[in-house]
Amino acid sequence: MIEQKWWHNSVVYQIYPRSFNDTTGTGVGDLRGIIEKLSYLETLGIDVIWLSPVYESPNDDNGYDISDYQNIMAEFGTMVDMDELIVTAKNHGIQIVMDLVVNHTSDEHPWFIEARKSKENSYHDYYVWAPNNGQIPNEMTSTFSGSAWEYNQPTDEYYLHLFSKKQPDLNFDNPKLRQEIYDMMNYWIDKGIGGFRMDVIDLIGKVPEKMIKENGPKLHDYLQEMHVKTFGAHDLLTVGETWGATPEIAKLYSDPKRNELSMVFQFEHMSVDKIPGKRKWDLAPVNFILLKQILAKWQTELGEQGWNSLFWNNHDLPRVVSRFGNDSEAYRIVSAKMLATILHCQKGTPYIYQGEEIGMTNMPFATMDDYRDIEAINMHQERLALGYSEQEILRSLAAKSRDNARTPMQWDETQYAGFSTVEPWIGVNPNFKTINVEASLNDENSIFNHYRQLIALRKAMPVFTYGEFTLLAEQSETIFAYTRTYQQEKLYVLANFTAETVCYEDVNLSCGEILLSNYTDSKIKTQMNLRPYEALVILIKA
Ligand code: GLC
């Protein structure tokens, strides 16, 4: 049995501050806006807020390009507000997990301003350089399109940027740089935060000469050092964003014996609706059997030697009800609850992304002018140049753009969805009059209340956190079903992923009791007709 930790049965809620709640009438969310909504989050029952970056930043990538790790972005407020948020959240039983973006800084960070001046500058080696041999150093590409190398005239070199050219990559091979990062982390730990979400942490061991991005040879040495020098002595939640992890690699990060991170946040299940081997923009229908296989693999293969995050959404992903559910008027609510059920009854730490708990949908952006994200804008340019049609590009963006997740939180039916009193930095989804927090709180059958019940069940019964997982009906094209077993208790979790009624047969169900369902009149039978998107959690006691 794995040693129990507080973050095993915690539920994390991710806030993207720019789009959460604006209290200053700027069209941009702020820290006081979060403080104002802490009671709401306490009602939902979450334990932890993962706060997307709030540090000083020129916002080339909405705060993931940091120019000062120890100051707050003026648009969001001040350090006084931040300190108040940490303390007030604690009074609501909520820990704040900070987003730690240390694979790169902004090019406006004082380190880079110095580093690029000359090869002799004491900060030069904080970043990753390659000599100018008359051509770009190699074929490495940026996640945001184009080469990962940018020429720097004063030193006649190229610097590496795995993201935008305003996000130069840091050189973790430099011990002085590592110490600066640890000092900065300790500054935040001393403020009483609950931990760190570590942005693209799998890239810090990169070896550009060998074209190695993820999982470089020194990666785990650096994480073990970081553990010793920063959070190791504190009981914090540390979660690594690890795009390329397999279960084997995930154990390297999260085996408690290795003293690295609490858990991984890996994306394998997010690859089931693209053409295999291609980019996320190359759309394919959802491969449902593959989705089940991947999720089940992660449930069983970590064993006692690792811990996983459970998520459908974050600030980089489209809205799940539009993606794997059904966002039509008839089925949005029931399918959003079904998706929540299938996710939250698995083993791992569940994450809810702002708005997911009220079933927010993808945004019907009309033209390219409506998009704000650098990734979308660069991809549009790149694909136009490659000969794709405008229509094709817009279709990919409609399905996968990160801006789908970044539209303002829908609080009520007033103008701008109660997010702001002025026009927000990005469009509000026109469906806010029906999909909003106020309406959800007033409806006992809302998606919000379904999430609340899932969280409450997790708190009440250890089988949700520690139960052994077994996939059922593997080859079913319509049903996702599994069991969780812990001591004398066994859960059956059944979900119909389609808009048709489908039959599920299991003799073991006869002596079960329904803990939760997304229909008010679900009944247990050994031969069950599951209605569109029907999902049930059934308890069987030995
Ligand atoms: C991570 C973040 C994403 C950001 C990128 C670069 O993937 O989640 O939003 O653009 O890293 O920091």
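This is a predicted model: local features need pLDDT of at least 70, side-chain atom pairs count only at pLDDT 80 or more; totals for chains, interfaces and linings use all residues.
Six positions of the helix, namely M79, D81, M82, L85, I86 and A89, are buried. Because these residues cover an arc of only 155° around the axis, they lie on the same side of α3. An α-helix has 3.6 residues a turn, so residues three or four places apart point the same way. On the other side of α3, by contrast, V80, V87 and N91 are exposed. The buried residues are covered by elements that include the helices α1, α2 and α5, together with the strands β2, β4 and β5.

The two ends of α3 can also be described. At its start, a side-chain oxygen of T78 comes to within 3.2 Å of the backbone nitrogen of V80, while just after the helix G93 adopts a positive phi of about 75°.

M82, one of the buried residues of α3, also belongs to the largest nonpolar core, which has 149 residues and in which L51 and M82 have the most contacts. When residues up to four places away in sequence are not counted, L51 touches I15, P17, L31, I34, M82, L85, I96, V97, M98 and D99, and two of these partners, M82 and L85, are among the buried residues of α3.

Charged side chains form a further set of links, with a count of 30 salt bridges. In one of them, D169 pairs with K206, the closest N and O atoms being 2.8 Å apart. D169 lies in the loop between β8 and α5 and K206 in the loop between β9 and α6, so the pair ties together parts that are 37 residues apart in sequence. Both D169 and K206 are buried.

A salt bridge between R279 and E382 has its closest N and O atoms 3.3 Å apart, and it links distant parts of the chain, since R279 is in the loop between β11 and α8 whereas E382 is in helix α11, 103 residues apart. R279 counts as partly exposed at 33% relative accessibility, and E382 is likewise partly exposed, with a relative accessible area of 26%.

The side chains of R406 and D316 also meet in a salt bridge, at 3.1 Å from N to O. R406 lies in the loop between α12 and α13 and D316 in the loop between β12 and α9, so this pair ties together parts that are 90 residues apart in sequence.

Technical notes: Residues are numbered from 1 along each chain as its sequence is written. Side-chain values use heavy atoms; hydrogens and water are left out. Buried means under 20% relative accessible area, exposed over 50%, partly exposed in between (1.4 Å probe, protein chains only). Helices (H or I, at least four residues) and strands (E, at least two) are DSSP runs, numbered from the N terminus. The arc is that of the directions from the helix axis to the C-beta atoms. Contact means heavy atoms within 4.5 Å. A polar contact is a pair of N or O atoms within 3.5 Å; within protein, one must be able to donate a hydrogen and the other to accept it, and residues adjacent in sequence count only if both atoms are side-chain atoms. A nonpolar core is a set of buried Ala, Val, Leu, Ile, Met, Phe, Trp, Tyr and Cys residues joined through side-chain atoms within 4.5 Å. A salt bridge is a side-chain nitrogen of Lys or Arg within 4 Å of a carboxyl oxygen of Asp or Glu.
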